[in-house]
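Subject: Structure handover

Hi,

Here is the structure I promised to pass on. My notes follow below it.

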Amino acid sequence: MRAQEIESAEREAAAIGANIARLRHTIAGIAEEAGRSPDSVDLHGATKGVDAQRIAAAIRHGLLRFGENWVQEAAPKIRAVNELTVEASLPAPQWRMIGHLQQNKVNRALEVFDAIDTVDSLRLAQVVSRRAGISGREKPVDVLLEIDFTGARERAGFKLGLDGDDARLPSFMHDARRIMALPNLRVVGLMTVGPMAGDPEAARPGFRRLREVRDTLAETEPRAALTHLSMGMSGDYEAAIQEGATIVRLGSAIFGPRPAGRTY
C-alpha cells in the first residue's frame, strides 16, 4: 500500500473512531434526558456496503456488534474482518442478521451469524429452530421478532397497526408465544424499522407502539426475557431512544455517506 493510501486509510479510521465516540456521548445524553441509564442503549454498526477495513477500524475503537443485511454479502466480509481482528489481536465481534432472511438461506445464516434480528413469521422461526438443532449449536440462537407498522407491501415483518385495538394483534401474540416455545431459539425482544420519510417524528408512533407490544407480550409470558427493543437508525435514533430503544443500528452516522445505491 502506498504512503498516500496508508495516510488516507488512517484518516478514515480516525474519523470512524471520532464518530463512534461522538455517538456514544450523544446516545448517553439522550437516554439520561429520557430518565434512563446512559448504559441502557447499545450501539450496533449497520455495515451493508461497508468494507472489512472500515469495520476493523470500528472494532479498534471499541464497537463490537455489527448487522448485515444479506447472507451472500456478509459471509466473505465476516471472514475477512475476523482475519483482520486475529492479525491485530482485536476482540472478536458479534454478527447479527438485520435483513430479511429467506428460508432457503437459513443454514448459511446459522453458519455466519451469531443472532438473527429479523424473524418475521412463525414458519421462519420453525425452520430456524429445526435447522439450529440439526447444526448442533451449543447455545440457542438469539432472535428478535420483526414487526412492521408501515403497512408497506415491500416491508418484511409481522404486520401490525399503531392502534391498540388492532385486530391483528391477537394473531401475532399467538404466533409469538409459539415461537418462544420452540427449542434452539431464545427470543430476546422485538425489532422494527421506521418509515423512510426523512422526518424522525414520523417514526415515533411505531417506536412507541413496539414498546407497548413488547410490554403486553412480556406480561403474558413472564418467563420470557424480552429485554431488547431494536429500533432507530442514523436518521431517527433520537426518537427511538426516547421511546425505549435498547439497540440502535447506525450506518452512515458511523461510517460516513453510504455507497451509491446502498441504504443503511
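Which residues does arginine 209 touch, not counting residues up to four places away in sequence? They are Phe149, Gly161, Leu162, Asp163, Gly164 and Leu169. Touching means contact, with heavy atoms within 4.5 Å.

First, the ground rules. This is a predicted model, in which local features need pLDDT of at least 70 and side-chain atom pairs count only at pLDDT 80 or more, while totals for chains, interfaces and linings use all residues. Residues are numbered from 1 along each chain as its sequence is written, and side-chain values use heavy atoms, with hydrogens and water left out.

Overall picture

The protein has nine helices and nine strands. These are DSSP runs numbered from the N terminus: helices are H or I with at least four residues, strands are E with at least two. The C-alpha trace spans about 60 × 45 × 35 Å along its principal axes. The radius of gyration is 18 Å, which agrees with the value near 18 Å for a compact globule of 264 residues. That radius is taken over C-alpha atoms, and the globule rule is 2.2 Å times the number of residues to the power 0.38. Buried residues account for 50% of the 264. Buried means under 20% relative accessible area, exposed over 50%, and partly exposed in between (1.4 Å probe, protein chains only). Of the contacts between residues at least 6 apart in sequence, 64% join residues at least 24 apart.

Strand β5 covers residues 141–148. Seven of its eight residues are buried, so β5 is largely enclosed by the rest of the structure. Strands count as paired if DSSP finds at least two bridges between them. Here is the list for β5:

- β4 (residues 115–119) pairs with β5 in the parallel sense, over three bridges. Alanine 115 has aspartate 142 as its bridge partner in β5.
- β7 (residues 185–191) also pairs with β5 in the parallel sense, over six bridges. In β7, arginine 186 is the bridge partner of aspartate 142.
- β6 (residues 158–159) runs parallel to β5 and is joined to it by two bridges. Lysine 159 in β6 stands opposite aspartate 148.

Helix α5

Buried residues of α5 are Leu122, Leu124, Ala125, Val127, Val128, Ser129 and Ala132. Their cover includes α4 (106–112), β4, β5, β6, α6 (169–180) and β7. Just after α5, glycine 136 takes a positive phi of about 80°.

Around arginine 209

Arginine 209 lies in helix α7 (residues 200–220). Its relative accessible area is 8%, so arginine 209 is buried. Its side chain makes a polar contact of 3.0 Å with the side chain of glutamate 212. A polar contact is a pair of N or O atoms within 3.5 Å; within protein, one must be able to donate a hydrogen and the other to accept it, and residues adjacent in sequence count only if both atoms are side-chain atoms.

Aspartate 163, one of the residues touched by arginine 209, is in the loop between β6 and α6. Aspartate 163 is partly exposed, at 47% relative accessibility. A polar atom of its side chain lies 2.9 Å from the backbone nitrogen of aspartate 165.

Helix α2

Seven of the nine residues of α2 (residues 52–60) are buried, so this helix is largely enclosed by the rest of the structure. The buried ones are Ala52, Arg54, Ile55, Ala56, Ala57, Ala58 and Ile59. At its start, a side-chain oxygen of aspartate 51 reaches to within 3.0 Å of the backbone nitrogen of glutamine 53.

Most residues other than glycine have a negative phi. Serine 89 has a positive phi of about 55°. Serine 89 sits in the loop between α3 (71–87) and β3 (94–97), and is exposed at 67% relative accessibility. Asparagine 184 has a positive phi too, near 70°. Asparagine 184 is in the loop between α6 and β7, and is partly exposed at 32%.

Best wishes
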